[in-house]
Amino acid sequence: MRWLKWTGIAAALLLIFCCFQEWVFIRSKSLSISGIDAAGTDFGKPGYLHFILTAFFIVFTLIPKVWAKRANLLVSALNLAWALRNYFFISACMGGECPEKQPPIFLLLVATIVMLISALFPDIYLNTNEKK
């Protein structure tokens, strides 16, 4: 399962890339919404929390301790929850206008799911022969 750690880190980098890309396009207002730039809306900047959680994910993935793997599971679950919130909140129809979903918002969801799977199967070996 060593390759799963690097797959999770690659998914984290994909998530960071997706935050800079266009998530949805609102045709009536000619607005392009991304994780960094949501000008003209009340969405804020949802990509910044992804950056913080992804940084913790990468650090905890590289630390070979049990506490880091447990914390990584929490961080990746929070990251998935935030991505689902962004997907449902930003791409929702409001006032009869449905925004056009772009591929990076779907890639964002896939990347967070891969990160969670990577955190579920950490690359750590416990010594069971220790004296108690």
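How many nonpolar, polar and charged residues form the lining of the largest pocket? By class, the lining has six nonpolar, three polar and three charged residues. This is a predicted model, in which local features need pLDDT of at least 70 and side-chain atom pairs count only at pLDDT 80 or more, while totals for chains, interfaces and linings use all residues. Residues are numbered from 1 along each chain as its sequence is written, and side-chain values use heavy atoms, with hydrogens and water left out.

**Helix α1**

- Helix α1 covers residues 2–19; helices (H or I, at least four residues) and strands (E, at least two) are DSSP runs, numbered from the N terminus.
- The 18 residues of α1 should span 26 Å at 1.5 Å a residue, and the end C-alpha atoms are 27 Å apart, which agrees; the expected span is 1.5 Å times one less than the number of residues.
- Its buried residues (under 20% relative accessible area, with a 1.4 Å probe and protein chains only) are L4, G8, I9, A11, A12, L15, C18 and C19.
- The elements that cover these buried residues include β1 (22–26), β2 (31–34), α2 (47–62), α3 (66–90) and α4 (103–120).

**The β1–β2 hairpin**

- Strands β1 and β2 pair in the antiparallel sense over four bridges; two strands pair if DSSP finds at least two bridges between them.
- The two strands form a hairpin with four residues between them, and S30 in the turn has a positive phi of about 55°.
- I26 has L31 in β2 as its bridge partner.

**T61 in helix α2**

- T61 belongs to helix α2 and is buried, with a relative accessible area of 5%.
- T61 touches (heavy atoms within 4.5 Å) K5, I9, K69 and N72, not counting residues up to four places away in sequence.
- T61 and G96 lie 35 residues apart in sequence, and their C-alpha atoms are 43 Å apart in space.

- P99 sits in the loop between α3 and β3 (100–101) and is buried, with a relative accessible area of 13%.
- The C-alpha atoms of P99 and V24 are separated by 6.0 Å, although the two residues are 75 residues apart along the chain.
- Leaving aside residues up to four places away in sequence, P99 touches V24, F25, I26, I90, S91, A92 and C93.
- P99 also lines the largest pocket, together with I26, S28, K29, G40, T41, D42, F43, I90, A92, M94 and E97.
- The volume of the largest pocket is about 200 Å³.

Conventions: Buried < 20%, exposed > 50% of the residue type's maximum accessible area, 1.4 Å probe, protein only. 1 Å grid on protein atoms, 1.4 Å probe; cavity = no way out; pocket = protein on both sides within 12 Å on 5 of 7 lines; lining within 4 Å. Points joined across faces, edges and corners; volume = space filled by probe spheres on them. Nonpolar A, V, L, I, M, F, W, Y, C, P; charged D, E, K, R; others polar.
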